[in-house]
Structure formats: C-alpha cells, structure tokens
2 protein chains.
Amino acid sequence: MTTATTTSTDPITQLSKMLRGVAVLRSVDALLDWDQETFMPVGGSGLRAEHLQELSGIIHDRQTDPVLGELIGQAHEEAKASGDARLEADFREARRDFDKATKLPKSLVEEMARCRALGMTAWREARQKNDFPTFLPWLKKTVELNRQKAECFGVPEGGEHYDALMDDFEPDMTAKRTEEIFTPLRAFTVDLLARIKDSGVEVDRTFATMEMPVEKQREFSKKVCQAIGFDFETGRMDDTSHPFCSGFGPGDTRITNRYRPDAWLDALSSAMHEAGHGMYEQGLPKAELFGRPLGEAVSLGIHESQSRMWENQVGRSRDFWTWGIGVARDVFGEALTGVTPEQVYRASNLIEPSFIRVEADELTYNLHIMLRFDLERAMIRGEMACEDLPGIWNERIKSDFGLTVPSDAKGCLQDIHWSMGAMGYFPTYTFGNIYSAQLWDAMGTAIPDRASKIASGDFAPVLSWVRDHVHAHGREFNAETLCEKATGSTMRPEPLMA
Amino acid sequence: MTTATTTSTDPITQLSKMLRGVAVLRSVDALLDWDQETFMPVGGSGLRAEHLQELSGIIHDRQTDPVLGELIGQAHEEAKASGDARLEADFREARRDFDKATKLPKSLVEEMARCRALGMTAWREARQKNDFPTFLPWLKKTVELNRQKAECFGVPEGGEHYDALMDDFEPDMTAKRTEEIFTPLRAFTVDLLARIKDSGVEVDRTFATMEMPVEKQREFSKKVCQAIGFDFETGRMDDTSHPFCSGFGPGDTRITNRYRPDAWLDALSSAMHEAGHGMYEQGLPKAELFGRPLGEAVSLGIHESQSRMWENQVGRSRDFWTWGIGVARDVFGEALTGVTPEQVYRASNLIEPSFIRVEADELTYNLHIMLRFDLERAMIRGEMACEDLPGIWNERIKSDFGLTVPSDAKGCLQDIHWSMGAMGYFPTYTFGNIYSAQLWDAMGTAIPDRASKIASGDFAPVLSWVRDHVHAHGREFNAETLCEKATGSTMRPEPLMA
C-alpha cells in the first residue's frame, strides 16, 4: 500500500506516465499519417482530416498542461540533486519541449496550419502551371509567420531568427555554424564537379535501367533490409509514392518504398535509406523510455546520418556489392548474368548534375541543400525579397551546377517544404551526409575487418556500432556532442569530402 | 457576427459538434483495431494495447461529460417543440446512449475489462487443452458481471436481466419476444433437418473443393463485391484470419476476408457477407450526420440482415450464379469448364450439420444460435449452473442435430463471445437471418423483375431498395419498427422458413 502511494506521488513516475501518454497519442497520429499514405481509400481524406484535427487538439492540450510543466520542474530538480547526468539531461530536454509547446500562442499555431493547408494547394497549382506568382503570396506569408514563430521561441543573443527555426529540427544548431561548415564543402563540391565533368569517363548503366518486375524489386529490397538489420518482427515495409519511415513506438516501426520498373537500383537505395531511419527508431531505448527524451531521436541531422550511412557508405560500396550481387541474381535471375560487383558499384556512384534535388547523386545533393539554406536564410533575414527567388535560384544553379534551369517548376518550385511552412529544415539533409561520413570513419577504425564482414553479408558489426554510439543515447547529448563522443570531433565536412 | 453567436450557442449545433468529435475518436479506435488485424507487425501488440487504453479513456470522458448530457436535454426539448419526428428520434437515441454510458460505474467497466482480458486468455488455453474447468471460473465471473451490468442499466418491469443485456446489441428487444420468435423456428428447423438427412440426396461438390490460387480467389471476391455495389473508392478489402467489417465513418469503410486454397465458394460467401455489412455502412447518411444516431446502424440484427441478404438470398441463388459463373470462369479459367450455374447453386446450398457454428450451413446455423440463447439466458437467470454447461450443451446437440459432440473444444468452448464478456449478442445472428428473409420478400414484390436483373449482373435495384428502406433511416426507428415499415410486419420467422 505504501509503495503504491509513494509511486503515485513521485514526480518522476507521474511525469513519465504523462509523457508516455502523450507519446502514445502522437504515435496514433503517426499511424493515421501512415495509413493515409499507404492504404486509406481516396474517399477517406475528409474523415482523416477530422481524425488528425481532433487528435492534434488533444495532444496540444496535454503537451501544454500546466501540471506537466510543474512535474517537469520537480523532476528536473530531483534529477539534478541525484547527480545522475542522464536523468538530468532527460528532464532538461523535457523542459525544452514543454517551453516550446507553450511559447507559441494558439492563434499563431492556427494561422500556420491555415497557411500550410492553403499554401500547399497554391504550391501544387503553381508547380503544375509553372507559375511562380501563384505561390508568391504564400511564400511571403510563410516567411512572415516563420519570423513570428522565431520571435515566440526567442531569437538567441548574438544570433538570428533562423537559429530559432533550426532548433525545431536540429537543436542547438545555428545559421552561423552551418555557414562555417557549408562554405568549404561548397567550394570543394563545385570544384570536384567541374573536374568530373571534364574527365569524360563513361559508365555503363544499361543493366541498371533494365525493366525488372516490381514484385521482384520489392522482394530484393526486403531481403537486403532484413539482412542489414531492419527487424520485420517489429516493423514492416509497404509501398507509397514518397518513401518515408515512421517509428510509432516500441515494437512498431514502419518504412515505405517506391518502385519504378526501370530503376531497381534506385528502389534499393531508397529502401536502405528508409531502413536506416527504421533501424535508428528500432534501436532507441523506447521499451522503457517511450515518451521521454532519452528514448527519442536527437535531431533530424543524426536521423539522416543513419539513413545515409546505409544508403551511401554501405549500399554504394564495392564490398556491399560483392555480397549483394548474389542476392540480386537470386531474385532477378538471368537478367543479371555477367554483371559484376564492380559494374554495379560504378553505376551506383554515377555523378550526374540535375535540376532536381530528389534525383540528385550523392555529390550534387549537398549543393542543392546549400542553395536552399542560403536563400531561405536570406529571406528570413529580410535580405532577399521573395519576388527575387526565381532569378537568384537560376543564377546559382548556373554557377554551381553549370546548368540552365528550364522552368520554375523544375527550379524554385520543386520542393514541398516551404509550402508546408518548414524553414530551417533543409540543412539537416547535408548534416546527415556529413555525420554519416564522420561516423563511418570512426567506425572503420574501431572495426578493422569491416570491409570483409560487409563483403560476406555480415552487417551486425556495423549495426552494433551505431546502436552503441548513436541509438542508445536518445537525446542525452545534442547532435554535435553525440558526434564528438562517437568520433572525437564535432561536425566537420572533411571526412565527407574525402 | 450575430449569426456566429447564434450558431455557437445553439444547442443542436453544439451537440452535433460534440457527438461528431466522439465519433471521430471512436473511428480512430476502429482504425487501430483494423490495423491490428491486418498489417500491424507482431511486435506492435504492446504499444497497440496502450493506444487503445489511452484512447478509450478519452472517449469515455467525452461520452460521459455532463455538458453533453445537458446539451442532449436542451436539444431534445427543442426537437420535440419543433415537431420534427426525425430530429426527436435523433436526440431520444442520443439520450439513450448517454444514459447507458453514465450508468455503468467506472469500477465495473474496469472489472469487465480485466475479466475480458484474463477470460480470453483462459478460454484460449481451455479450448486448446480441451479443458472446460480452466474456463469455468471466468464463465462464472462473466455471468456475474453481466448480471451487475444489467442491474446498472436497469431491469425493465416485468422483464429480466437478459433484456437489459440485449439492449446493447438489439435495442428494445426482450428475451420473451426472442423466445416467441425462436420457438416455432426451432421446431421447424429440427424437423426439416431430419427430413433432409433421410432424403439421401447427394450433391457433387468436387469443383468447390478444387485448389484455387488465393490471388485468384481474392480477385474473384473483389470483382463480385464491386459488382454488387461495395464502393472501393470509399472502402477496401484486405486479408485477415477472421473476416470483419469496420465502417470508420464517411468515406472510409473497410472489409476483410480470408481464403483457403480448397474453398473458393466459402471465400466468396464471406466476402459477400462482409460487403453486405460494408454497403450498409456506406449507405448510412454519415456525411452530414456522423456521430448522430440518425447516421448510425440501428442494431446488430439489422446489420446482420444486410450481410446475410447478400451472402444467402443473393449469393446462393440460381439467378446470381447464372451471372456469376461467367465471372468465375473469367478469373479461374479452365478449372471451371463445364461447371453449370445449377451445380454451383446446389453446392452452395448443401445442408450438412456440424458441431461448429462458424462452419454451419444456412439452415443449421440458427439451431446453433438458439442453443446459445437458451443456455446463456438460463445462466443469467440463475436457472442453470455454469458447471452444467458441457453436459447440457452436448445433450442438445444430440437432440437437435443428431450429433455426438466429440470434445468440449468442439462443443461449448468453440465460441469467443462469452470469454469476451458478450452475453445477449448471439440472438442477433438469427434476427439477421429472419430480417433478411422478410426484407427479401417485400423487395421481391416491389421489384418484379429482380430475378432477371440479378441473372444479368445488375444488382442496383436490390441495393437501391435497401438503401431507401433500411440504410437511409439510421436509428430513427428501432429494428422491429424499421422492419414493419419496410415489409408490413414486425419480426416473423415465416419468410425464412419458406
């Protein structure tokens, strides 16, 4: 009896229960999103909007409940007094979340939701008609609302509005620090791109564009994802038009993929990418800590490092294909007779500048991101008028990529992010690339026989290393500190350049 | 401005909004159940239990919110004053729901949930080990809790506890009225069964037990469901081990089916059965009235009448197979060469007494139900000890079916219902059979060319008739009144016997 009473008044226990309740509801929300993208019949979209609206109201009320704030305060004090650094970090992060949730006035949240709904519709129309002016008023509104949002969160001293926006996606990151990292990377990439273009090397990709049945591609993707360590007992993989990963909570992580008959290598890449996100979700200590920051992903950049590592460092390596070609031949049969691991390796690493970010190769992808970072930051700073976006965009594509943008639809209107109101998000893609290279380097030192393990289809050492050095920590450290602990250094682009 | 103020204080508008909110949350709950049965990875069961528990708490609070009760009172008064009978019925039913939700003390609800969870586990074990004593204590507890539940709802004057339990599934129905309807039906069925057994007629079913690929069966089932009118734009059909239908709300109704390689006719029957449930859900006026009783199904008996009608009156008819054999041949190919509509018709209507309810034919199914009704009623009345269940069950199977029950697992332990705490539910299956026959008769008079329409694959007149006479009404009338309005008579078993 005494135990029961003590338990129910202990702030850490009470807080854990409240946080878990919120996490459970958020995971229902994630299931609703997943279902919408995978199986929901077309007629269900109106009802689904009602589902999401009703639930988001409930979640918001729970996240901003003053009782929650009080319990966080008490638990944080208790954790500090205990001297347990992990526990202290846990409630420090819970405090951060609570403060952010309570700092945005409801009117602004509603206005952002409205702008997002209408802005997305306008963006779709603008892209379809190749008509930037249709989207322009919503872009202006988005910039304005993001400035207001930054002010509510609080612009850090000596910092800028953009910093407060980044914090939603990459806590503790700043625009200045991003610039510091991106500047050498951009110079290096533009230079390398020019040299590759001049090299005139031709790569045979005919086998990569052969028509392969979608069922076979799905089977191949699943086999590889299972082999690298995505657990299908606590996860699944379905078809969608835009691949994504959703970690609902302990025991249920779902990834999706897409297939084009003539692009089986692309399907594998995106499957491994999503499986990388999925394995991070599966590796977080959610069973005990679901709803608590220690059970959550640290940032989008680190999340992306996990997907990029499996997609690029593993999936585009010679070693991987030494093993992978056999699996591919088992599935696709004689279509791949005579194709060597070396050929697949070369075809997987072809550099081909494109206007379109999502079709970009590993090298030019970052140029796309750096362009978007510079322009959205300039707009948020008020240093660039939204009206000037198409012109500046096209000039930069010319100077960085050496390409002429044929239309705004294939230029500044190609991405959905700004129409969704997300600014400060793009850089996390390149952070992911940078972190993945750093982690890969450090892991290589720790696992000297990694290459041969991978070549024999044994991915357990790789997964085990990221489980220990990344997944297990949840949000105990911020992204750069986590990186430093795992690799000996905060974020630095050199390993990626190498 | 005036309009806005008036609208927001108008009790009917406010109430509709509250009721819709509850319905939206209940439909999220239904999606969670559906996902659990269809796609959830095995590892997700713990999290899913948390999802359902969290949500059911929120739904219960909303359903018993005193503000809701007040608004219902105001809206009901307003509806009565308006003289609008439909509106009056709407809030009369909302009052019924609210009263039922508030009449059960939380302690009893929790105790029932606990008994259900543990009882289902015990039942599974008991069935597997063929050991009735393992389940006996939970059966006793279930009977006791159901008696308490009936007392909370209120036992009607001159009635019995069982009446209050039935009300959850078949509002306004009583045990006495059920007995009145079942008595002649049972005598007739037992007699007919004896005569069929003596007739010695043999039916060739070899083509019905041929192995057919599951993908082909799925395709065939979908083609037929689409043809009879299940709308796949606002619905879908997936695989599960136990077929069910879930009408989430406007625009999203999902059915499931199961397939055995050697039973393609069974797969079609259950597909048409679930599609019948699905078309009722799709035909209810939910777009406007979601959450309000006028937008809801009237009873389980009427719901079952819709599934049974498509499964039996349509799907087992000569006319249906005149059209259906062509569709089947298109899908299954030469496997069905030479099979005639008459042969399929005969094979679909084979009478073969079985110990197992869910495998029963159209005739003996009702005997299974009547057995369960008599025994659960006797247990609730305290006229039969739970200990005596196996003996009494086996005697009755002997006398009604002429069969000897080989084990309790195939006898009184076969059904999940009692372990789930559901008593008063079974009779609705037979009500469905009876109603479907009555509706079918009345419709036949209204549509003189129905047979030729069906034989040509035109099911629109049938669907249109049930849309108008059943679906459109929601819960405006209770089941028997609805039946009387549609057919000229309250429930009567004669059309089914005919």
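User: Why are H2(A) and H3(B) called roughly perpendicular to each other?

Analyst: This is a predicted model, in which local features need pLDDT of at least 70, side-chain atom pairs count only at pLDDT 80 or more, and totals for chains, interfaces and linings use all residues. Residues are numbered from 1 along each chain as its sequence is written, chains are lettered from A and ligands numbered from 1 in the order in which they are written, and side-chain values use heavy atoms, leaving out hydrogens and water. Helix H2 (residues 11-38) of chain A and helix H3 (residues 45-63) of chain B pack at an angle of about 100°, and their axes are 9 Å apart. Angles of 65 to 115 degrees count as roughly perpendicular (under 35 is roughly parallel, over 145 roughly antiparallel, the rest oblique). H2(A) and H3(B) are therefore roughly perpendicular to each other.

User: What makes the contact between these two helices?

Analyst: From H2(A) come Arg20(A), Gly21(A), Val24(A), Leu25(A), Ser27(A), Val28(A) and Leu31(A), and from H3(B) come Leu47(B), Arg48(B), Glu50(B), His51(B), Glu54(B), Leu55(B) and Ile58(B). Contact means heavy atoms within 4.5 Å. By class, the contact of H2(A) with H3(B) has seven nonpolar, three polar and four charged residues. Here Ala, Val, Leu, Ile, Met, Phe, Trp, Tyr, Cys and Pro count as nonpolar, Asp, Glu, Lys and Arg as charged, and the others, Gly among them, as polar.

User: How do H3(A) and H2(B) lie to each other, and why is that term used?

Analyst: Helix H3 (residues 45-63) of chain A and helix H2 (residues 11-38) of chain B have axes that come within 9 Å and cross at roughly 100°. That angle makes H3(A) roughly perpendicular to H2(B). In this contact, Leu47(A), Arg48(A), Glu50(A), His51(A), Glu54(A), Leu55(A) and Ile58(A) of H3(A) meet Arg20(B), Gly21(B), Val24(B), Leu25(B), Ser27(B), Val28(B) and Leu31(B) of H2(B). The residues of the contact of H3(A) with H2(B) divide into seven nonpolar, three polar and four charged.

User: Which term describes the angle between H9(B) and H18(B)?

Analyst: Helix H9 (residues 175-199) and helix H18 (residues 427-446) of chain B pack at an angle of about 65°, with axes 12 Å apart. H9(B) and H18(B) are therefore roughly perpendicular to each other. H9(B) passes H18(B) in a left-handed crossing. On the H9(B) side are Thr178(B), Ile181(B), Phe182(B) and Leu185(B), which meet Pro427(B), Thr430(B), Phe431(B) and Ile434(B) of H18(B). The residues of the contact of H9(B) with H18(B) divide into six nonpolar, two polar and no charged.

User: Is Thr428(A) buried or exposed, and how do you know?

Analyst: Buried means under 20% relative accessible area, exposed over 50%, and partly exposed in between (1.4 Å probe, protein chains only). At 2% relative accessibility, Thr428(A) therefore counts as buried. Thr428(A) lies in helix H18 (residues 427-446) of chain A. Leaving aside neighbours within four places in sequence, Thr428(A) is in contact with Phe169(A), Glu170(A), Leu300(A), Gly301(A) and Glu304(A).

User: Which accessibility class does Gly57(A) belong to, and why?

Analyst: Gly57(A) has a relative accessible area of 30% and is therefore partly exposed. Gly57(A) is placed in helix H3 of chain A. Gly57(A) and Glu77(A) are 20 residues apart in sequence and 30 Å apart in space, C-alpha to C-alpha.

User: Which residues have the most contacts inside the largest nonpolar core?

Analyst: A nonpolar core is a set of buried Ala, Val, Leu, Ile, Met, Phe, Trp, Tyr and Cys residues joined through side-chain atoms within 4.5 Å. The largest has 111 residues, and those with the most contacts inside it are Phe220(A), Trp264(A), Phe320(A) and Leu389(A). Helix H16 (residues 362-381) of chain A gives the largest share of this core, eleven residues. A second, separate core of 110 residues includes Ala271(B), Phe332(B), Ala347(B) and Met423(B).

Notes:
Axes are lines fitted to C-alpha atoms, for helices over the stretch in contact, and angles run from 0 to 180 degrees between N-to-C directions. Helices (H or I, at least four residues) and strands (E, at least two) are DSSP runs, numbered from the N terminus. A crossing is left-handed if the near helix is turned anticlockwise from the far one by less than a right angle, and right-handed if clockwise.
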